[in-house]
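Hi everyone, thanks for coming. Please have a look at the chain on the screen, and I'll walk you through a few places in it.

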Amino acid sequence: DYRLILTVDAERPGTGSMDFSYTVPTAGWQPEIEFRSNGYGEPMELQQRALLHQNTGTDWNNIDLFVSTSNPAGYRNKPMLQPWVLNFIQRGARRDAALLDAVQVYAAEDAMDEEVLAETVVVQSFDIAQAKSYQQLAYKRFEFDRKFTVKSGATYPVRVKLESAKLDCEYRLVAVPKLDSRVYVQARFEDWQEYMLPDAKAKLYYQSTFLGELAIHQNMYAD
């Protein structure tokens, strides 16, 4: 059990009501992203959904809902860029006549392990709900035109449609014969940043055929 203790500073005695909000670590949502192409040269269709879950001990019945790509538990300090050090390997007894044999680059920090996202089976879907998106400075927020019920500790999460869009893209055929004899179709599209896609596994479809999954990481596009 939890208690909320408030200290109120008022000029005179009185009665009234107060609204408050709080965060819980046992509620959240998992992104589900799909890329679909109807054929070579056709626009790429982006579909994004949210898998809602909560384990607060209280059922959320007929509630107004919004989801956001912001993480309230995230680390808010600006990251510090660590220097990279060049170490010259020299050959020869005399320093002034040394020859440069190689350059070794050392990272100041070890790379973080990639996060593996677990797959989830979904049975309850709400693709008919209309979502409005509001782009903030560093995150995106989605609001809906209907109310939802999310049971605490439910076996399956609630699946909600966030947005869909058709992306104009450029298709290219690429191959790396030295490593693989197959030819790959690569789609390149601009202005992908405006969608603020979260870290997730995206499913790929080509003419209604499932091709596989790819991992989307926000930091993989940074310098």
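Let's start at Gln47. Setting aside neighbours within four places in sequence, Gln47 is in contact with Glu32, Ile33, Glu34, Arg36, Glu163 and Ser164, where contact means heavy atoms within 4.5 Å. Before going on, a word on the source: this is a predicted model, in which local features need pLDDT of at least 70 and side-chain atom pairs count only at pLDDT 80 or more, while totals for chains, interfaces and linings use all residues. Residues are numbered from 1 along each chain as its sequence is written, and side-chain values use heavy atoms, with hydrogens and water left out.

Back to Gln47, which belongs to strand β2, residues 44-54. Strands here are DSSP runs of E, at least two residues, and helices are runs of H or I, at least four, numbered from the N terminus. The protein chain has 15 strands and 0 helices.

Is Gln47 buried or exposed? Its relative accessible area is 15%, so Gln47 is buried. Buried means under 20%, exposed over 50%, and partly exposed in between, using a 1.4 Å probe and protein chains only. The Gln47 side chain also makes a polar contact with the side chain of Glu45, at 2.9 Å. (That is a pair of N or O atoms within 3.5 Å; within protein, one must be able to donate a hydrogen and the other to accept it, and residues adjacent in sequence count only if both atoms are side-chain atoms.)

Now for the nonpolar core, a set of buried Ala, Val, Leu, Ile, Met, Phe, Trp, Tyr and Cys residues joined through side-chain atoms within 4.5 Å. The largest one has 13 residues, and Ile33, Phe35, Leu46, Leu167 and Leu197 touch the most other members. Strands β1, β2, β11, β12 and β14 each supply at least two residues of this core. Apart from it lies another core of 11 residues, including Leu65 and Phe144.

Finally, the rings. The whole structure holds 4 aromatic pairs: ring centres within 6.5 Å, with planes under 30 degrees apart called stacked, over 60 edge-to-face, and the rest tilted, for rings of Phe, Tyr and Trp (its six-membered ring). One of them is tilted: Tyr40 and Tyr171, 5.3 Å centre to centre with 40° between the planes. Tyr40 sits in the loop between β1 and β2 and Tyr171 in strand β12, 131 residues apart. Tyr40 is partly exposed at 47%, whereas Tyr171 is buried at 11%.
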